[in-house]
Amino acid sequence: MEKIQETSLEIKERFAKVNVQLQEKDITERLSALVNKFRVPINEARRNVINYFLKVHNINQDEFFANAGFANQNPVKIAELVEDNKWCTFNARVSILWDARHEKILQTGVLGDETGTIVFTTWKSGGSPVLEEGKCYTFKNVVTSEWQGRMSIKINKNSEILPYQGDITVAKKLVTIVGAMVDLQQGSGLIKRCPECNRSLSKGSCGEHGKVEGTYDLRIKGVIDDGIASHDVILNRKLTEELTGITLDKAREIATEALDVGTVADEMGRKIIGSYFEVTGVQVDKNLIVDSIKPFRADVSNQVDALLAAAEA
Ligand SMILES: [Zn+2]
């Protein structure tokens, strides 16, 4: 109830900024019907009620959001973005762009500042400019969004993205993604590393030290698709063993029996491709260096649907 009153007041104040005086009672009635009778989440109810009054008073949506002072104009830091559905403004560097996997998505990736990182998505329908990896921008009037406990940034028609002149150092923070393992890349499974520099060998040769007697190692270079983007993830030996149940010794056995090192990756692929995982790690260039990985039971297509619905609202 308190939440409804608070939201009513907020809506009333926002409309007052565009010179429309609403009765608080009218707002509260609509909100509480949606929330209490129809069990609509408060954020959706708020959006619904705002849209209703926009229509009633024949107010242009873009103008309303531009003038109603939705966003706090003082830039905040990414670490402060902890609450769902908050309008905000901040400066950030585009620390990585992922390959978008959905036709309606323009770009998706990670934004960062000194305090943390956050995933963002822009939509082809949203009119956002194309962002460049490594460049800094001011993100005005963007909205936070929470899905499965993870925050992201929605950039909509009322948002504005401007070049930012200052310099921003991005904190190395963990990124979490949820999606299906769709592929294992070349270099997965049983590999050999150079004893001098630890680089993986290609046909028994190190790029730096030439032909060497390599030492065996296990790793997975996987591709995880979260419905929005594909992510290259790298798992070290320990995580690979835990995830596949294939130890280094077992892997050598498999390779020896088959007279083919590639058999190890094939067998690992059979165990994990098509399964859903929650993966946490540090993004280094194009790769997510995985820190932890665990099975995840949910349909990630929900995430795309939810984001699409929000983007088009
Ligand atoms: Zn080497």
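Guide: In this predicted model, the lining of the second largest pocket comprises 8 nonpolar, 9 polar and 5 charged residues. That pocket has a volume of about 490 Å³, and 22 residues line it, with Gly-187, Ser-188, Leu-190, Ile-191 and Val-261 nearest its centre. Two or more lining residues come from each of strand 7, strand 8 (189–193), strand 11 (215–225) and helix 7 (262–272); helix 7 gives the most, with 4 residues.

The largest pocket has a volume of about 870 Å³. Of its 43 lining residues, Ser-145, Trp-147, Arg-150, Met-151 and Ser-152 lie nearest the centre. The elements that supply two or more residues to this lining include strand 3, strand 4 and strand 5, and the largest share, 6 residues, belongs to strand 3. By class, the lining holds 23 nonpolar, 12 polar and 8 charged residues.

Since 5 of its 5 residues are buried, strand 5 is largely enclosed by the rest of the structure. Side chains in a regular strand alternate between the two faces of the sheet. Here Arg-150, Ser-152 and Lys-154 point one way, while Met-151 and Ile-153 point the other way.

Strand 5 pairs with two neighbours: strand 3 (residues 116–123) runs parallel to it, joined by 3 bridges, and strand 4 (residues 136–147) is antiparallel to it over 5 bridges. Ile-153 is the bridge partner of Phe-120 and also of Thr-144. In the hairpin of strand 4 and strand 5, 2 residues lie between the strands, and Gln-148 takes a positive phi near 50°.

Conventions
Residues are numbered from 1 along each chain as its sequence is written. This is a predicted model: local features need pLDDT of at least 70, side-chain atom pairs count only at pLDDT 80 or more; totals for chains, interfaces and linings use all residues. Side-chain values use heavy atoms; hydrogens and water are left out. Buried means under 20% relative accessible area, exposed over 50%, partly exposed in between (1.4 Å probe, protein chains only). Two strands pair if DSSP finds at least two bridges between them. On a 1 Å grid over the protein atoms alone, a cavity is a set of points where a 1.4 Å probe fits but cannot get out, and a pocket is an open set with protein on both sides within 12 Å along at least five of seven lines; lining residues have an atom within 4 Å of a point. Grid points are joined across faces, edges and corners, and a volume is the space filled by probe spheres set on the points. Ala, Val, Leu, Ile, Met, Phe, Trp, Tyr, Cys and Pro count as nonpolar, Asp, Glu, Lys and Arg as charged, and the others, Gly among them, as polar.
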